[in-house]
Amino acid sequence: VAIQVLPGISEKAEMVRVIDKVIEFIKSTGVDYAVGPFETTMEGDYDQLMEIAAQCQKIAVNAGAPSVMSYLKINYKPGGEVMTIHEKVDKHC
């Protein structure tokens, strides 16, 4: 699951501060994740990832965002494995 959280804040430093709070929350969950320039990608149990994604909006609002726009990308394959973050990108690092 990849999530992009866009706080409804125009001031750059404040927007970054709120996004950092969301990333701190994702990190605290213990799921495997990778922060990118536009989104954070997470791996793990589908239900857990959906709960984390739902909580990200609340974290942003609690950190001071008056509103939040979030975009999700979901790769769901209940019968088998999906490629991991590392399988997809390590060769490029």
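## Exercises on side-chain contacts

The side chain of E87 reaches the backbone nitrogen of T84 at 2.8 Å. The model is predicted, and local features need pLDDT of at least 70, side-chain atom pairs count only at pLDDT 80 or more, and totals for chains, interfaces and linings use all residues. Residues are numbered from 1 along each chain as its sequence is written, and side-chain values use heavy atoms, with hydrogens and water left out.

**Exercise 1.** Determine where E87 lies and whether E87 counts as buried, partly exposed or exposed.

*Solution.* Step 1: E87 is found in helix α3 (helices, H or I, of at least four residues and strands, E, of at least two are DSSP runs numbered from the N terminus). Step 2: the relative accessibility of E87 is 48%, so this residue counts as partly exposed (buried means under 20% relative accessible area, exposed over 50%, partly exposed in between, with a 1.4 Å probe and protein chains only).

**Exercise 2.** Find the salt bridges and describe the partners in each.

*Solution.* Step 1: apply the rule that a side-chain nitrogen of Lys or Arg lies within 4 Å of a carboxyl oxygen of Asp or Glu. The count comes to two salt bridges.
Step 2: E14 pairs with R17, their closest N and O atoms being 2.6 Å apart. Because E14 and R17 are three residues apart in helix α1 (residues 12-28), about one helical turn separates them. E14 is partly exposed at 25% relative accessibility, and R17 is partly exposed at 33%.
Step 3: E39 and K73 form a salt bridge at 3.4 Å, N to O. This pair links distant parts of the chain, 34 residues apart: E39 is in the loop between β2 (32-35) and β3 (40-43), and K73 is in strand β4. With a relative accessible area of 25%, E39 is partly exposed, whereas K73 counts as exposed at 52%.

**Exercise 3.** Identify the aromatic pair and state its geometry.

*Solution.* Step 1: rings of Phe, Tyr and Trp (its six-membered ring) pair if their centres lie within 6.5 Å; planes under 30 degrees apart count as stacked, over 60 as edge-to-face and the rest as tilted. The structure holds one such pair.
Step 2: Y46 and Y76 form a tilted pair, 4.4 Å centre to centre with 45° between the planes. The partners are 30 residues apart, Y46 in helix α2 and Y76 in the loop between β4 (68-73) and α3 (85-89).
Step 3: Y46 has a relative accessible area of 33% and is therefore partly exposed.

Key. Polar contact = N/O pair within 3.5 Å; in protein donor to acceptor, adjacent residues only side chain to side chain.
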